[in-house]
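Take a look at the sequence and model first, and then we can walk through them together.

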Amino acid sequence: MKKLFTIALALTSLFTKAQLLSWSSDFITESSTPVTIIMNANYGNKALLNYTPTSNVYVHIGVITNKSTSSADWKHVVFSSFTTATPAANCTYLGNNQWSFTITGGLRTFFSVTDPTETIQKIAILFRNGNGTVKQANSSGNDMFIPVYTTGSLYARIDNPFRQPEYIPIPETSTKSVGSNLPLVAKASLAGSTIQTYFNGNLIATNVGTKDSNNVIITASGTQTIIVVATNGANVSRDTLSIFVRPSTAIAALPSNLYDNGVPHEGITYYGCTDSVSLVLYAPNKSSSYVIGDFSGSNWTQQTQYQMYKTPDGNYYWLTIHGLTPTTEYGFQYVVDDSLYIADPYSEKILDGNNDQYIPVSAYPNPKPYPTNANVSKGKNGLIGVLQTCAPSYTWKAPAFIRPDKKNLVIEEVLVRDFASTNGNGNFKLLLDSLNYFKSLGINAIELMPVSEFSGDDSWGYNPNFYCALDKAYGTKNMYKAFIDSCHSNGIAVIMDVVYNQVDDNGVQVPEARLYWDKTNSRPAANNPWLNQTAPHPYGVFLDLNHTSTATQYWVERSLMYWLKEYNIDGFRFDLAKGFTQTQSNNTTVENFDQSRIDNLYRYYKYVQDNNPGTTMPYMILEFLAGNTPSAEENAYANIGFLLWASIGTNGTPSQTSWDQNSMGYASNSNLSRSIYNSSDEGFSVPAAIPYAGSHDDQRLMYTTVTYGNGATVKSIAGTGGALQRQAAIAAILFLAPGPKMLYQFDERGYDISINGTSYNNPHWEYLTTDANATARKACVAAYSKIISLRLSNPEVFNNTTFSYDLYDGGGLFRRFQIADPNSSGMKITVIANFDITAQTRTITFQTTGNWYNYQSNGTSSGANGATGSIYNVSTASQSITLQPGEYHVYVYQPPTNYTFIGNGNWTDASNWMAGSVPPATLPNGSAIYVQPAPGGKAILNTSQTISSGATFNVAPGKNLSVPLNLTIQ
């Protein structure tokens, strides 16, 4: 060997392979035998570190061939079951957390590769315990791979510094510093090769043979580049590897402009349409952080110019980057302690190399691709954040939207994914295209199931990983803003379902998890600032948040304010609110009063309240499904100002409720009294409960009715007293009681497909057009629409705190609800329904005698049993009424001097007026006109109308009146 680099150069004759995988022979070919593979569990994800019994370790092994389509496309897997302790897959324990497995007979024989056109390129391997519950892999969690070479060809390879056995091998994280010895080992595949080793551009050694070992001293920080060139005759092969030796981290105080009210502003700070951004990362007890990305000079590797400053308290890292091109998107990450690759936790857009390619361009046009840089791999880097100076803006058309009174909310819960004609391709644009449908239904709020970034592209969204990024599967930022803006223009609030109780642990992609992760136990580390090691409550699914931590509180509050300010969101529904506690509990004690949980949730309520002065308080809704008795804790939330989901009598998965029992015609568990907020069963003093007959957690009401209904009549879709008419009866009971209400998407059309977990439930618009029962389904939608319109057009009636009801019927299935305007001359309403399978007779005491209008019913006779639009003369207040199975009525009384427009079209058309009563041309003193057109409709004043002094003219909020100069008010 020729000594060409004399500083700290030495020959090493013995080298210990301290790395995750090692193998013999050095250059494995298809004919190599035996091939012994050694796994060292002191490295990689360390899943098998100190594992016992040591005899219970097995391989899962296959190959990557020229016919594989990706790293996941293993071919010729020898032991097909990952969960079976197959004796032939058993490994030999070598001591010191090392196991070996030996392949004999050559690779093609062992893996049964018989196709002569198929060549083996890599061995794919994992080590596991016998039942597959513990998996040893790369530190990224990815599969491990060993290269397979072509017999007789020349290859050069650097074996030290070590590489991680990823699909595309990457260097092990360097712990070297200036002055350290750096061992270098180079190999060539053919005997008699000349091996030249270069270090940082200097030739340091030349040797003839198959191996060359050297040591060098690192004299400067920064990138250290090793190049090995092997020559054998006319054949030349080379290998290159770079490691980064970081300088000491500079200490510098966070600039004053990177504080919000005295608190460091984490994430990205923009300076308008300039070339600069500042980045701030909260990472206490870490040693260093670098920014890598698409920036000039970065090349997605650690570079001195992108080393972040550490604040004097050691908690934050920050850097201001200049020279960016406005409007250009830059992918970027942080590299913390030389080995942890994370996206900025407050990124507003995420690049996902495993899933982005499946997003249709119709949902997200012109997406920024995942980096193809040789220094980026999906396993090592994972999810990548994006920043963009001078991003496209959005001009709001309805910036001054006034949120509906929370007592009068009628919410439709919506999964964006499902609003598509094909499975799983719903997006904000398609949802916007459906806005006229929502408007015609008459709801005044849409509650979107989670839309922030979640794992994968096909999900209900309750597996989030970034709280300030939209999931691109649903569309762009401006598409979402356009949807919200259009909703506001049409009087509809938009509520976001948010998941602040947990984040997904899929591949430890969440920055807050990856930064502080216990690899041995595969859970958050004990010093994690945001996450519990295990959930203290029984509802944990993914990684549980610690809401007593100030780091978590900042994380959640920043997210809340982002959606409110950036998107003009109107409120939030907090998923699994019972998980906002550090109190240890089980399935029984979790229901106990918990002041700490109240304190945690109140803190977020107060934060939103304090940061939205001068506006209607955004809605704060809790998924806080109580037991069957009133709860002091629930009342505490109600008195604060929260709204709470109110499921009734749930059981099963997906759950069936008391509403199902009524619809199906079964009396057991059918009491609906909890749908009344101040009933003894529910126990609130204010209308804080949001009752619903269906949600994403419940089986479809129509499905249970047609599948399990009590008899053929109940199961019939369109028959008299059948399933669809029972859905309309449910709507009458549900929506006409005081307080906010909710329905699940498509329930109004009698959606009779099982919810079946998280499977697709597309709109099936044909239900209303070509379906065999389209006429009956449209009638059900129309009933929902009329009932909701009555509810929202008359707040003076439905905000009355005095009403009467019987929703238990002594264990029967007859239902009654009655309410009236507190003004004795106002509207009065009586609702009755029979959910039994036989006719039922009850005595109903009406609030007054006179002509009552059958506002909405499925009656087929006359009088009390009349059809929609008929008049029922109540001569005495007490009436004995018999209802047929499934029959319901919404009776409305208005004094003869009152006139209510409830249709769509001309003023002079009697069919547009309640009871066909058109007001006189001159409305006399003491009379009143109420303009309440059907949802999406309009009252057209096509004749002259004079309102005398002392008469009133009332237009319901959000209703349309066209006045072509024909209105005179005296």
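## Cysteines inside and out

C468 is buried, with a relative accessible area of 3%, and C487 also counts as buried, at 0% relative accessibility. Here, buried means under 20% relative accessible area, exposed means over 50%, and partly exposed lies in between, using a 1.4 Å probe and protein chains only. By that scale C273 is exposed at 54%, whereas C390 is partly exposed at 26%.

C273 and C390 form a disulfide, with their sulfur atoms 2.1 Å apart; a disulfide is taken as a pair of cysteine sulfur atoms within 2.5 Å. By this rule the count comes to one disulfide. C273 sits in the loop between β21 (267–270) and β22 (277–282), and C390 in the loop between β29 (384–388) and β30 (410–414), so the bond ties together parts that are 117 residues apart in sequence. The torsion about the S-S bond of C273 and C390 is about 75 degrees, so this disulfide is right-handed.

Residues are numbered from 1 along each chain as its sequence is written, and side-chain values use heavy atoms, with hydrogens and water left out.

The mean pLDDT (the predictor's confidence in each residue, from 0 to 100) is 93 for the protein, and 96% of its residues reach 70 or more. Over residues 1–16 the pLDDT is below 50, and this stretch has 35 contacts in the model beyond near neighbours in sequence; contact means heavy atoms within 4.5 Å. Where pLDDT is low, the predicted coordinates should not be read in detail.

## The overall build

The protein has 15 helices and 58 strands. These are DSSP runs numbered from the N terminus: helices are H or I with at least four residues, strands E with at least two. Of the 970 residues in the protein, 57% are buried. The C-alpha atoms fill a box of roughly 115 × 60 × 50 Å, taken along the principal axes.

Among contacts with a separation of 6 or more, 68% are between residues 24 or more positions apart.

## A look at helix α11

Which residues of helix α11 (residues 701–708) are buried? They are L701, M702, Y703, T704 and T705. The buried residues of α11 pack against α10 (658–664), α12 (712–715) and α13 (723–735).

How values were computed
Predicted model: local features only at pLDDT ≥ 70, side-chain atom pairs only at ≥ 80, totals over all residues.
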